[in-house]
Amino acid sequence: AHPYLQQPSLLRWCQERSVLVTAYCPLGPLTKEQLRPGPVDKPVEEAARRLKKTPAQVLLRWCLQTGRGVVTTTSRHDRLGEFLGIFDVELSDQEVEAISAAGA
């Protein structure tokens with residue numbers, strides 16, 4: 001899942017049964033041409049500025065804070081380090097809601 005593919009009913013169903021939902025294409029709003037530019041860009045960029053993180057880190061953090069597991073792929077060490085940099089920050093409730101609402 002990503003902000004444009006939230007599937008709240010499925011997420012709730014899985015959480016009620018202790019099933020972890022993994023995010024499909026969590027960086028889609030950044031990497032998929034057909035999703036750019038989009039309404040989640042602004043709240044993601046604002047959160048990235050406040051946290052001094054990249055938009056990719058904000059999207060991965062949004063996944064975690066909304067109860068989704070994250071699986072990413074990269075062969076680049078610098079990107080791997082970037083992706084691991086999501087554990088020392090937290091989006092505010094308002095940022096999570098703004099991203100979710102923009103993608104709904």
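**Setting up.** I am working with a predicted model, where local features need pLDDT of at least 70, side-chain atom pairs count only at pLDDT 80 or more, and totals for chains, interfaces and linings use all residues. Residues are numbered from 1 along each chain as its sequence is written, and side-chain values use heavy atoms, with hydrogens and water left out. My helices (H or I, at least four residues) and strands (E, at least two) are DSSP runs, numbered from the N terminus.

**Entry 1: α3.** I started with helix α3, residues 41-51, and looked up its buried positions (under 20% relative accessible area, with exposed over 50% and partly exposed in between, 1.4 Å probe, protein chains only). I found Asp 41, Pro 43, Val 44, Ala 47, Ala 48 and Leu 51. These buried residues pack against α2 (28-31), α4 and α6. Just after α3, I noted that Lys 52 has a positive phi of about 60°.

**Entry 2: α3 on α4.** Next I checked the angle, taken from 0 to 180 degrees between N-to-C directions, with axes as lines fitted to C-alpha atoms, for helices over the stretch in contact. I read about 105°, with the axes 8 Å apart. That makes α3 roughly perpendicular to α4 (65 to 115 degrees; under 35 is roughly parallel, over 145 roughly antiparallel and the rest oblique). The contact (heavy atoms within 4.5 Å) is made by Val 44, Ala 47 and Ala 48 of α3 with Pro 55, Val 58 and Leu 59 of α4. I sorted them by class (Ala, Val, Leu, Ile, Met, Phe, Trp, Tyr, Cys and Pro nonpolar; Asp, Glu, Lys and Arg charged; the others, Gly among them, polar).

**Entry 3: α4 on α6.** Here α4 (residues 55-65) meets α6 (residues 93-103) at about 100°, with axes 11 Å apart. This pair is roughly perpendicular too. I listed Val 58, Trp 62 and Gln 65 from α4, and Val 96, Ile 99 and Ser 100 from α6. By class, I get four nonpolar, two polar and no charged residues.

**Entry 4: Thr 66.** I placed it in the loop between α4 and β2 (68-70). Leaving aside residues up to four places away in sequence, Thr 66 touches Leu 11, Gln 15, Val 96 and Ser 100.
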